[in-house]
Amino acid sequence: MSTKKQGRKPTVKSVKKPTGQQHRKQARAWEADIELRTYRPEQLLNPAELLSRFTERTRELLGEVPEEHRPSDSKVSAVLRQAVLEAFRTREEYVARLVETDATSWTTGMSALSLRRAIRTSLVDSGVRVVESADEREHFVVVEGEGDGFEVVRPAYVDQATGKLILSGQLRRVLRPGTRADSGTGEQDASPREDKP
């Protein structure tokens, strides 16, 4: 007879195999969110309805203006009509660019780099200049870091037609190559770094 005690067998921790359940749950949540965001036909913008509302509100506001300074109803209607049509054209162009970008992202086998290039091409075609050089610091804000050099965290986006900044870029302060960190005097040591063996 053996003197060893029969103990429990050590339990082997089983590793769960990926079943895709988490991925499917996230996909369902995303689809539900998109469904909530989707406009119904009665919510879509209607140019004639929009123009009618603007005209009505404009007449109310112009009622407060003295008659000698008040423009004619036909002039007001013409100006509002032009503004609404221009707004709709702008919206159509904007939506068309977004659609192109989304369609590009669905291209089979497209890598992240190819997608970024396609989006960048679309931006340039739309008249947006992407600034990736820290030399143009007027388009950036410094968000973090220490040192007298800069590196781009996020590019800046500028409207080429107007020169207006669409989205400011972000810079991180960094030490320039060949300099050491602050020695406590508030200045960086400009002596070259020694290579450690």
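## A nonpolar patch on the surface

In this predicted model, four nonpolar residues sit together on the outside: Tyr-94, Val-95, Leu-98 and Val-99 form a surface patch with about 380 Å² of accessible area together.

Take Leu-98, which belongs to helix α3, the stretch covering residues 73-105.

In soluble globular proteins, nonpolar side chains tend to be buried together. Here, the largest nonpolar core has 7 residues: Leu-50, Leu-51, Leu-62, Val-76, Leu-80, Val-84 and Phe-88. Two elements, α2 (47-62) and α3, each give two or more residues to this core, and α3 brings the largest share, with 4 residues. Apart from this core lies another one, made of 6 residues, including Val-131, Phe-140, Ala-156 and Val-158.

Leaving aside residues up to four places away in sequence, Leu-80 touches Leu-51, Phe-54, Thr-55 and Thr-58.

## The whole chain

Stepping back, the protein has 4 helices and 6 strands, and along the sequence they run α-α-α-α-β-β-β-β-β-β. Among contacts with a separation of 6 or more, 45% are between residues 24 or more positions apart.

How much of the protein counts as buried? The figure is 13% of the 197 residues. The accessible surface comes to about 17000 Å², with 53% of that belonging to carbon and sulfur atoms.

Methods
Residues are numbered from 1 along each chain as its sequence is written. This is a predicted model: local features need pLDDT of at least 70, side-chain atom pairs count only at pLDDT 80 or more; totals for chains, interfaces and linings use all residues. Side-chain values use heavy atoms; hydrogens and water are left out. Patches are made of residues with over 30% relative accessible area and no salt bridge: like charges are joined within 9 Å, nonpolar side chains (Val, Leu, Ile, Met, Phe, Trp, Tyr) within 5 Å. Accessible areas come from the Shrake-Rupley method with a 1.4 Å probe; for residues, only the protein chains shown count as cover. A salt bridge is a side-chain nitrogen of Lys or Arg within 4 Å of a carboxyl oxygen of Asp or Glu. A nonpolar core is a set of buried Ala, Val, Leu, Ile, Met, Phe, Trp, Tyr and Cys residues joined through side-chain atoms within 4.5 Å. Buried means under 20% relative accessible area, exposed over 50%, partly exposed in between (1.4 Å probe, protein chains only). Contact means heavy atoms within 4.5 Å.
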